[in-house]
Amino acid sequence: MRLVNHLKKQIVILFIAGSIFLPPKILTEVIIIPPSENSQERLQEALILANPGDIIQLTTGIYNLEDSLSLDVDEVTIQGDGHEKTILNFSDQKSGAQGLMVTSDKVILKNFAVLDTKGDAIKVKGSDGISFIKVRTEWSGGPKSSNGAYGLYPVDSKNVLIDGCIAIGASDAGIYVGQSENIVVRNSIAKFNVAGIEIENSYYADVYDNTAEDNTGGILVFDLPGLPQQGGHDVRVFNNSIVHNNTDNFAPEGNIVGEVPRGTGIIIMANSNVEIFSNRIDDHETVGIAVVSYINDDDSDDFTDSGYYPHPKSVQIHNNEISRSGHNPDLDKDIASILYEISDGDMPDIFWDGVLPLKQMILGQPNNEKLILKDNGEIGFAVMNPIRYMLSFPYQLSRDESKYSGNITPLPPVKID
Amino acid sequence: MNQNLLTFLILICFSSSLYAVNDHAILSDKTPKALSEYGFFSDALNQIPNEGVVPYELITALFSDYTDKHRFIYLPDGTTAKYDGEDVFDFPIGTALIKTFSYQTTEGGTLLLETRLLLNKEDGWDALTYVWDIDRGDAYLALGGKTIEVTDVITPTNANFIRYRAPNKNQCKECHLKDDAVEPIGPKPRNINKAIAYENGIESNQMDHWAVIGFLEEKPYSNDSMVNAFNKNHDINMRARSYLDINCGHCHSPQGSASSSGLYLSIEDKEFGVYKKPVAAGRGSGGLSYSIVPGKAEESILLFRMLSNEPDVMMPESGRSLMHVEAIELITEWINEMK
């Protein structure tokens, strides 16, 4: 009797403990959607009817889709059997500006490929917690200006993880993170895009252990005016392999990446607190690393945008291995042609355009905002003197690297919630 | 009067107003599969509404492939909408906004396509669409959207084939999203501030009429209104801004789906793309540098994207497969006259 009572008690305790430790939702459903004649409706309905916690399981095969898909339910995982096996094929796309759109939080996209969308491949907007894991986006016809703009495209999002992904053939950026916060891009491959990986108007990004090859430009860290979020800062780019990004620029005109010269390893434009270290940057026909201001040379009212700072500051470049830069510069692009002109054809590995607010160009920069170069080996460095350049005075370029030595203040690693 | 007869008459009155429209269906978590379950129509095929379901019109409407739109509003018995400044009216829980899309056929009939609903439930607006199955005389829920291939209908541009898309539920949200909630777009004071002819043949301003029937609180309203974008008696600037407001402003606002573009096109926005550079437009920029170049429509991205039917170029992104020729003419003229 006592034993029975004891057991009962135990069971009650177990039950209570169980109910405490059970997650709030009772069941995680796995919804399996194999490819079929009406993949479009079936997949889209599953994405709409999913409950938080559900897994939408795609199987091996090709899903032929004519319209964009979208997910707006939190805590959903969409996963396939691998990016070589589970293919969302949009080559007959009739409507929708992207292949897949995600607008909800805590979403995981995993192990599938999105191919040949008319516009962007995967766009994620306004999400807190978005993971792309081993996802491939590709335009299979090679680099063409008719390809969609972005492969993996989270924007206006927080806690973004891109891990083990592949992005090929985007006519703007293969991996593009815009106006976002807390970002990790790692173990990924970007090739044959205009920009391999681009971090734009974003805060706290770590980009590491990636390969960017055969793009027009390998990795871009940009900040642009006129957007809801600007003043990009705290970006670390390290341990990446950035090699022979010498594909001709095939971006449609009118886009900022259209200005990127073929053969560029890294460009840092108008960001603050940027640390570039331990990368291998090899074989770039224009330049290994360029640090530049956002230059307004036209009719737009960018500089009436009082919240925008067009100059890079507090940029640290150290311990990189940079080789074979500038052997065939892309003279169609301003950065390259100006640099070629003022360097008399002796192109540097690292270039800073030297453009600062006028006061700083005359009186000097605050110490904590200066460019720092350290332990990059035997490299060619060049900085422009913009005032002399504008006035056509001699000595428009300085190659004196010693002014930019200093101690490195490492930026803290990014934490994703 | 006999007491029993009075009770009977009261019951009849109530039952007709209470049971024509199914309030429970509007508020239920279990979304009805068929449109008829709501009871909005006494003759759905001819779009004749039941009692309490009131037709309304907008001054300038969203372009949807030249479809005719039949709009209705239903408020639960005894409830009233309130003004919320210039914003969409503050509608009571249980409100239904109903919009049926159709074409006139070349044979003289009407081809019903879909009926979209915005239902104001306890936890916010729900956006749904029901696609018509004429043979069965009803329309059925299409959460995943539907493609309808349309031929033999009358459009101003004589389109002989239209790939009409009923939106999926998420696409409804894309346009109707404001911050994190779904909101109606049309029923703002400025959009309905005009007279229409009601059943009895009497013309009345819609806001006055809504007040008379108890749909809307009685309050003097501002005379501000949109203009009919295609009435050439109005100022071209107002015509163009009215068109952009209703067709673009819901996404292109700081709270809308296109917030990250930095291009805002509501009528109250002071900057509306003049010398605005594209951001993540891809091929959508068309090789052009700015959304609007005053005096040069042909160099303006805004017009370029109205002139395209390609998925990654066209604007709006969804909701049309044809070009809106009259609007293209309007925007061209507007930009060319702009200084």
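**Close-up views of the two-chain model**

**View 1. The parallel sheet of chain A.** In chain A, 12 strands make up an open sheet with parallel pairing, in the order β1-β2-β5-β8-β11-β14-β17-β20-β23-β26-β29-β32. Its edge strands are β1 (30–33) and β32 (372–374) of chain A, each of which pairs on one side only. On average, neighbouring strands of this sheet are turned by 10° against each other, direction ignored. Strands, like helices, are DSSP runs numbered from the N terminus (helices: H or I, at least four residues; strands: E, at least two), and two strands pair if DSSP finds at least two bridges between them. The structure is a predicted model, in which local features need pLDDT of at least 70, side-chain atom pairs count only at pLDDT 80 or more, and totals for chains, interfaces and linings use all residues. Residues are numbered from 1 along each chain as its sequence is written, while chains are lettered from A and ligands numbered from 1 in the order in which they are written.

View 2. Strand β8 (residues 107–110) of chain A runs parallel to β11 (residues 128–133) of chain A and is joined to it by 4 bridges; here Val107(A) stands opposite Ile130(A). The parallel strands β11(A) and β14(A) are joined by 5 bridges, with Asp128(A) opposite Lys158(A) of β14(A). A further 5 bridges connect β14 (residues 158–163) of chain A with the parallel strand β17 (residues 181–186) of chain A. Lys158(A) has Glu181(A) as its bridge partner in β17(A).

**View 3. The mixed sheet of chain A and its packed helix.** Another open sheet of chain A, with mixed pairing, has 12 strands in the order β4-β7-β10-β13-β16-β19-β22-β25-β28-β31-β33-β34. At its edges stand β4 (67–71) and β34 (397–398) of chain A; each has a single partner strand, so one side of each lacks a neighbour in the sheet. Helix α3 (residues 334–342) of chain A packs on this sheet and touches β28 (287–292), β31 (350–352), β33 (381–384) and β34 of chain A. Its direction makes about 100° with that of β28(A). Two residues are in contact if their C-beta atoms, placed from the backbone, lie within 7 Å; axes are lines fitted to C-alpha atoms, for helices over the stretch in contact, and angles run from 0 to 180 degrees between N-to-C directions. Strand β22 (residues 217–222) of chain A runs parallel to β25 (residues 264–269) of chain A, and 4 bridges join them. Ile219(A) stands opposite Ile266(A) of β25(A).

**View 4. Helix α2 of chain A and the contact with chain B.** Helix α2(A) lies across β1 and β2 (55–58) of chain A and runs at about 165° to β1(A). The contact between the chains takes 38 residues from chain A and 34 residues from chain B. On the chain A side, α2 (39–49), β4, β7 (95–102) and β13 (150–155) give two or more residues each, and α2(A) gives the most, with 5 residues. This side divides into 10 nonpolar, 15 polar and 13 charged residues (nonpolar: Ala, Val, Leu, Ile, Met, Phe, Trp, Tyr, Cys and Pro; charged: Asp, Glu, Lys and Arg; polar: the others, Gly among them).

**View 5. The enclosed helix α3 of chain B.** In helix α3 (residues 169–176) of chain B, 7 of the 8 residues are buried, so the helix is largely enclosed by the rest of the structure. A residue is buried if 20 or more other C-beta atoms lie within 10 Å of its own, exposed if 12 or fewer, and partly exposed in between, with C-beta atoms placed from the backbone. Among the buried residues are Lys169(B), Cys172(B) and Cys175(B). Their cover includes α2 and β4 of chain A, together with β7 (124–133), β11 (177–178) and β12 (181–182) of chain B.

**View 6. The two domains of chain B.** The domain assignment, which comes from an automatic or database source, gives domain 1 (3–212) and domain 2 (236–337) of chain B. Their centres, taken over C-alpha atoms, are separated by 28 Å. The contact takes 24 residues from domain 1 of chain B and 17 residues from domain 2 of chain B. On the domain 1 side, β10 (162–166), α3 and β11 of chain B each supply at least two residues, and β10(B) gives the most, with 4 residues.
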